[in-house]
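Hello,

My notes follow below it.

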Amino acid sequence: MKEVIQLYGYEFRWLNIVDLLIVIFLIIQLYRLLKGSLAFNIFVGLLMVYAAYFLVKALKMPILSNILQNFINVGIIAIIIIFQPEIRKFLLVLGKKTPLSKDSFLTKLFLPDKFKSYKDEENIINEIITAVSRMQSSSTGALIVISTTYRVKFDTASSIPIDANVSAKLIESIFQKNSPLHDGALIIVGSKMLAAKVILPVSENPDLPTRIGLRHRSAVGITEHSDNLAIIVSEERGSVSYAQDGNLVQDVSLEDLKVKLYEVLIDGYA
């Protein structure tokens, strides 16, 4: 009987270690997700409330314990509402790390490269690079969002549907200064340009450089909450940047941008 109790005790302690490791992993992912955003301050405030609750409970202060307990119970609903974009992104990050994600070992095992042809993706990349190169030379401002899924969400009320094949000349014509479509973003999904003049959410990340404009902040904003790549051509400096996973990479070369496009459109499926 003692051996059984000891065995169960050993299993229980082992599960406690696993439990702790999982909690640490989730906290690290939450920290990476919220770092640099306004939601991070809210998250820290919630942690302080929880710490205060455990403190007053340990000190056996019933009135404060009841107040904080009620606040925490109601606060769960408030957390879901306040952190809705962050929760969405957090689940997206976890989904990328699963064995069934598109870049996982199992996916590569059952969908080997030799059964795939990437001629269409290579043509799309070449068309985008050609358009970006010409717009960079002419200092034409542009914002292009590339998504690998048709579930991409954007404001359809103010956008103009296009539904055309990706074409360098068409991209250039959209962002010409005299074009009625040049304001806003162009959405590309697969081999199709879905919509232009799209209004994107603006990032509230306080760590972004203060000198960047609305295009760059919108590019970061759309990638904070969805698995997209946003390409920016600066009208003022003629430089090229891109945003992914809420991070902004500035002043990239066309070759670096091409590598990133291959990573998103081809390696992402490998």
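Tyrosine 242 has valine 249, in β7, as its bridge partner. This is a predicted model, so please read every value as computed from it. β6 and β7 run antiparallel and are joined by 3 bridges. Together they form a hairpin with 2 residues between the strands. In that turn, aspartate 245 has a positive phi of about 55 degrees.

On to β5. It pairs with β6 in the antiparallel sense, over 5 bridges. Valine 233 has valine 240, in β6, as its bridge partner. The hairpin of β5 and β6 has 6 residues between the strands. Glycine 238 takes a positive phi near 70 degrees there.

How many residues of β6 are buried? The count is 5 of 5, so the strand is mostly covered, with buried meaning under 20% relative accessible area. Both faces are covered. Val240, Tyr242 and Gln244 are buried on one side. Ser241 and Ala243 are buried on the other.

**Nonpolar cores**

Nonpolar side chains tend to be buried together in soluble globular proteins. Here the largest nonpolar core has 31 residues. Ile128, Ile144 and Ile171 touch the most other members. Elements giving two or more residues to this core include α6 (119-137), β1 (142-147), α7 (168-174) and β3 (185-189). The largest share, 7 residues, comes from α6.

A second, separate core has 17 residues. Among them are Ala185, Ile187, Ala219 and Ile222.

Which residues does isoleucine 144 contact, leaving aside its neighbours within four places in sequence? They are Val132, Met135, Ile171, Phe175, Leu186, Ile188, Leu229, Ala230 and Ile231.

**Salt bridges**

Side chains of opposite charge can pair when their charged atoms come close. A search of the whole structure finds 4 salt bridges.

- Glutamate 172 pairs with arginine 134, with the closest N and O atoms 2.9 Å apart. Glutamate 172 is buried, at 15% relative accessible area. Arginine 134 is partly exposed, at 41%.
- Arginine 237 pairs with aspartate 251, with the closest N and O atoms 3.3 Å apart. Arginine 237 sits in the loop between β5 and β6, and aspartate 251 in the loop between β7 (247-249) and α9, so the pair ties together parts 14 residues apart in sequence. Arginine 237 is partly exposed, with a relative accessible area of 43%. Aspartate 251 is also partly exposed, at 44%.
- Glutamate 263 pairs with lysine 260, with the closest N and O atoms 3.1 Å apart. Both lie in helix α9, 3 residues apart, about one turn of the helix. Glutamate 263 is partly exposed at 38% relative accessibility. Lysine 260 is buried at 10%.

**Surface patch**

Which residues form a nonpolar patch on the surface? They are Leu55, Leu59, Met61, Ile63, Leu64 and Ile67. Together they have about 580 Å² of accessible area. Helix α3 (residues 62-82) gives the largest share of the patch, 3 residues. Leucine 64 lies in helix α3. At 38% relative accessibility, leucine 64 counts as partly exposed.

Best regards

Terms used: Residues are numbered from 1 along each chain as its sequence is written. This is a predicted model: local features need pLDDT of at least 70, side-chain atom pairs count only at pLDDT 80 or more; totals for chains, interfaces and linings use all residues. Side-chain values use heavy atoms; hydrogens and water are left out. A nonpolar core is a set of buried Ala, Val, Leu, Ile, Met, Phe, Trp, Tyr and Cys residues joined through side-chain atoms within 4.5 Å. Buried means under 20% relative accessible area, exposed over 50%, partly exposed in between (1.4 Å probe, protein chains only). Helices (H or I, at least four residues) and strands (E, at least two) are DSSP runs, numbered from the N terminus. Contact means heavy atoms within 4.5 Å. A salt bridge is a side-chain nitrogen of Lys or Arg within 4 Å of a carboxyl oxygen of Asp or Glu. Patches are made of residues with over 30% relative accessible area and no salt bridge: like charges are joined within 9 Å, nonpolar side chains (Val, Leu, Ile, Met, Phe, Trp, Tyr) within 5 Å. Accessible areas come from the Shrake-Rupley method with a 1.4 Å probe; for residues, only the protein chains shown count as cover. Two strands pair if DSSP finds at least two bridges between them.
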